[in-house]
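Dear colleague,

Please find below the structure that I am handing over to you. My notes on what was found in it follow directly after.

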Amino acid sequence: MRIDAISIFPDYFNVLELSLLGKAKQSGLIEFQAHDLRSWTTDKHKTVDDSPYGGGAGMVMKPEPWGLAFDDVLTPKSTVIFTTPAGIPFTQKLAQELSTREHLVFACGRYEGIDQRVVENARSEVEVLEISIGDYVLNGGEVAALAMLEAITRLMPGFMGNAESIVEESHSDGLLEYPSYTKPQSWRGLEVPEVLLSGHHAEIEKWRRAQSVERTRQNRPDLID
Ligand SMILES: Nc1c(O)cccc1[N+](=O)[O-]
């Protein structure tokens with residue numbers, strides 16, 4: 001998979017070198033490049049924003065630099081992801097779907113967002129998704145892109161050393177993950193649940209399933225229809 005990220009703060013993505021993603025890049029599983037949107041400005045001040053039509057607070061990202069950036073970066077097989085609070089919810093299911101795409105382009109807005117014509121223009125050429133990671137306010141789309149990048153790339157075949165580890169995770173089966181324990185067996189007077197020491201795999205699976213359902217009921221009743 002090829003992944004590009006376009007931002008006025010491309011250094012945000014340097015952190016990817018530290019993680020498994022760095023190894024995936026080295027192994028050739030993923031090609032990643034972050035781009036500075038200002039590379040596509042044409043004035044000496046490298047202007048990327050202007051005041052909003054219709055008035056209102058803040059500034060809006062101008063369409064021209066984005067259009068020139070997409071002209072250079074997009075291919076017919078690209079999927080453009082605008083990270084925005086106004087987007088569809090990012091879910092494990094969506095991460096799974098996006099993990100099979102050939103080329104992802106993350107468009108990271110700042111200020112009050114990107115001129116909507118940038119989305120419309122891109123949509124006339126390639127697949128475009130406006131995606132949100134949650135109902136809270138960030139200063140820009142870079143952090144959201146990093147979260148999505150991690151959730152998507154770790155699902156790619158060959159990315160995680162132990163493929164099983166991505167099977168039993170929260171949200172992989174619509175439920176939250178069961179609680180986990182490791183050595184020591186007793187810690188500050190707190191014991192590991194007996195069933196986990198029994199070696200009885202059927203009973204352990206039954207207990208874990210019940211724990212997942214109970215944890216989901218407590219923390220995410222919306223996931224249980
Ligand atoms: N929530 C938010 C934001 O405030 C700014 C950019 C992207 C997002 N998001 O993806 O959720």
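**Backbone exceptions**

Tyr 111 counts as partly exposed, at 36% relative accessibility; here buried means under 20% relative accessible area, exposed over 50%, and partly exposed in between, with a 1.4 Å probe and protein chains only. Please note that this is a predicted model, in which local features need pLDDT of at least 70 and side-chain atom pairs count only at pLDDT 80 or more, while totals for chains, interfaces and linings use all residues. Residues are numbered from 1 along each chain as its sequence is written, and side-chain values use heavy atoms, with hydrogens and water left out.

Most residues other than glycine have a negative phi, and most peptide bonds are trans. Tyr 111 has a positive phi of about 60° although it is not a glycine. Its place is the loop between β6 (103-108) and α4 (116-123); helices (H or I, at least four residues) and strands (E, at least two) are DSSP runs, numbered from the N terminus. Arg 188, also not a glycine, has a positive phi of about 55°. Arg 188 belongs to the loop between β8 and β9 (190-191) and counts as exposed, at 73% relative accessibility. A cis peptide bond, with omega near 5°, leads from Lys 183 to Pro 184. Pro 184 lies in the loop between α5 (142-153) and β8 (186-187).

**The chain as a whole**

The chain has 6 helices and 9 strands. Its C-alpha atoms fill a box of roughly 70 × 40 × 35 Å, taken along the principal axes. Of the 225 residues in the chain, 39% are buried.

Pro 52 is in the loop between β3 (49-50) and β4 (60-61) and is buried, with a relative accessible area of 18%. From C-alpha to C-alpha, Pro 52 and Ser 7 are 20 Å apart in space, and they are 45 residues apart in sequence.

**The ligand and its surroundings**

The elements that give two or more residues to the shell around the ligand are β5 (78-89) and β7 (127-132). β5 gives the most, with 3 residues. In total 13 residues surround the ligand, the closest being Ser 132, Ile 133, Tyr 136, Leu 138 and Ala 144; a residue is near a molecule if one of its heavy atoms lies within 4 Å of it.

The polar contacts (pairs of N or O atoms within 3.5 Å) are as follows:

- An N or O atom in the side chain of Ser 132 is 3.1 Å from an oxygen atom of the ligand.
- A polar backbone atom of Tyr 136 is 2.7 Å from a nitrogen atom of the ligand.
- An oxygen atom of the ligand lies 2.7 Å from a backbone N or O atom of Leu 138.

The ligand taken alone exposes 290 Å², of which the protein buries 95%; these areas come from the Shrake-Rupley method with a 1.4 Å probe.

Ser 132 lies in strand β7 and is buried, with a relative accessible area of 5%. The side chain of Ser 132 also reaches the backbone nitrogen of Gly 134, at 3.0 Å.

With kind regards

Notes
Polar contact = N/O pair within 3.5 Å; in protein donor to acceptor, adjacent residues only side chain to side chain.
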